[in-house]
Amino acid sequence: MLTVENLTKRFGSNTAVDKATFTVDRPLMIGIIGRSGAGKSTFLRMMNRLTDATSGRLLFEGRDVLALRGAEKRAWQSDCAMIFQQFNLVPRMDVVSNVLHGTLAQRSSLATLFNVYPRADIHRAIDILDRLGIAAHAAKRAEALSGGQQQRVAIARALMQDPKVILADEPIASLDPMNAQIVMEALRRIHEEDGRMVIANLHTLDTARRYCDRVIGMRDGRIVFDGTPEQLTTGVARDIYGAGAEFSENATSTEIRDPVAAEEIRQAEVTV
Ligand SMILES: Nc1ncnc2c1ncn2[C@@H]1O[C@H](COP(=O)(O)OP(=O)(O)O)[C@@H](O)[C@H]1O
Ligand SMILES: [Mg+2]
């Protein structure tokens, strides 16, 4: 289904992703872990063609993704929806309109200009919001919602594209533990019920273990682990994070990047 072969991205002399190679034969939920700077975001950005690869190949259901141009590239980007840590909603716009933005690629610029949407699309947007438990907020401005609700709006916008793959770049890194759980459960449900592939960069080991079928560990641009959550032992995690004696089971990329934030997360986790 997905084949990644020697995928490489260099920024000058810095190799952000170094010959990444793996295959996926069915729509799994995959977590990518690794400390800050390991290459996780760059990998997702290459997959959805936000950035060009330096070399290597990426095939999805036979499509040579890195070679797509023009309309074919836009069709792929529609099949491969992206969710970000900071939600990327239009804050002053209402929730339904934000969700309807997920259909923009398929609409004329004139209709977009006048904010005219087909009735069927509006119904579908509300159905999707309902499925995510936030239909009651449909008419509110996005900025009036909590972080967890806004991330669910972003997921709804992604679903509007009816994507085959959902790429999520640290989707819960800005959320409190309760909302983080709600958002991860939503992604898991979308994966299980719709059979969509989900690839999520995750900043905690724990989340990857709990929600993913498969975990890929990156270190310095290279894939240093690819296996099941069960195979992700403390020793393996230590190797992925490149941590020394200070490493603990709670280690995350956040912890290594920012000890204060990590302590807050740890305390919040205890609360839940
Ligand atoms: N646009 C860019 N220009 C130059 N270097 C970049 C750019 N984006 C990422 N990098 C570098 O590539 C490496 C991997 O970054 P990134 O993919 O963001 O890692 P992660 O998401 O795992 O934190 C880092 O060394 C980072 O500094
Ligand atoms: Mg990143």
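I call a crossing left-handed if the near helix is turned anticlockwise from the far one by less than a right angle, and right-handed if clockwise. I will need this for the helix pairs below. The model I am reading is predicted.

**Entry 1: helices α5 and α6**

I looked up the crossing of α5 and α6 and found it right-handed. Helix α5 covers residues 119-131, and its axis comes within 9 Å of that of α6, at roughly 135°. Angles over 145 degrees would count as roughly antiparallel. That makes α5 oblique to α6. I then listed the residues that meet: Ala-125, Ile-128 and Leu-129 come from α5, and Ala-156, Leu-159 and Met-160 come from α6. By class I noted six nonpolar residues in this contact, with no polar and no charged ones.

**Entry 2: helices α6 and α7**

Next I took α6 with its other partner here, α7. I have α6 at residues 147-160 and α7 at residues 177-194, packed at an angle of about 15° with axes 9 Å apart. The two helices are therefore roughly parallel to each other. I recorded the crossing of α6 past α7 as right-handed. On the α6 side I wrote down Gly-147, Gly-148, Gln-151, Arg-152, Ile-155 and Leu-159. On the α7 side the contact uses Asn-179, Ile-182, Val-183, Ala-186, Leu-187 and Ile-190. I sorted these residues by class and got seven nonpolar, four polar and one charged. Leu-159 is on my list for α7, and Leu-159 is also on my list for α5.

**Entry 3: the surroundings of ligand 1**

I asked which residues surround ligand 1. The shell consists of Phe-11, Asn-14, Ala-16, Gly-34, Ser-36, Gly-37, Ala-38, Gly-39, Lys-40, Ser-41 and Thr-42. I sorted the shell by class and counted three nonpolar, seven polar and one charged residues. Strand β2 (14-24) and helix α1 (40-47) each supply at least two residues of this shell. The largest share, three residues, comes from α1.

**Entry 4: helix α1 and the residue after it**

I stayed with α1 and checked its burial. Seven of its eight residues are buried, so α1 is largely enclosed by the rest of the structure. The buried ones are Lys-40, Ser-41, Thr-42, Phe-43, Leu-44, Met-46 and Met-47.

Just after α1 I came to Arg-49. Arg-49 is not a glycine, yet it has a positive phi of about 65°. I place Arg-49 in the loop between α1 and β4 (55-60).

**Entry 5: Lys-19**

I noted a positive phi at Lys-19 as well, near 50°, again in a residue other than glycine. Lys-19 lies in strand β2. I find 15 C-beta neighbours inside 10 Å of Lys-19, so I count it as partly exposed. A residue needs 20 or more such neighbours to be buried.

**Entry 6: the whole protein**

Last, I looked up the totals. I have 11 helices and 10 strands in the protein. Of its 272 residues, 40% are buried. I also took the contacts between residues at least 6 apart in sequence, and 67% of them join residues at least 24 apart.

Note on methods: Residues are numbered from 1 along each chain as its sequence is written. Chains are lettered from A and ligands numbered from 1 in the order in which they are written. This is a predicted model: local features need pLDDT of at least 70, side-chain atom pairs count only at pLDDT 80 or more; totals for chains, interfaces and linings use all residues. A residue is near a molecule or strand if its C-beta atom, placed from the backbone, lies within 6 Å of it. Helices (H or I, at least four residues) and strands (E, at least two) are DSSP runs, numbered from the N terminus. Ala, Val, Leu, Ile, Met, Phe, Trp, Tyr, Cys and Pro count as nonpolar, Asp, Glu, Lys and Arg as charged, and the others, Gly among them, as polar. Axes are lines fitted to C-alpha atoms, for helices over the stretch in contact, and angles run from 0 to 180 degrees between N-to-C directions. Angles under 35 degrees count as roughly parallel, over 145 as roughly antiparallel, 65 to 115 as roughly perpendicular and the rest as oblique. Two residues are in contact if their C-beta atoms, placed from the backbone, lie within 7 Å. A residue is buried if 20 or more other C-beta atoms lie within 10 Å of its own, exposed if 12 or fewer, and partly exposed in between; C-beta atoms are placed from the backbone.
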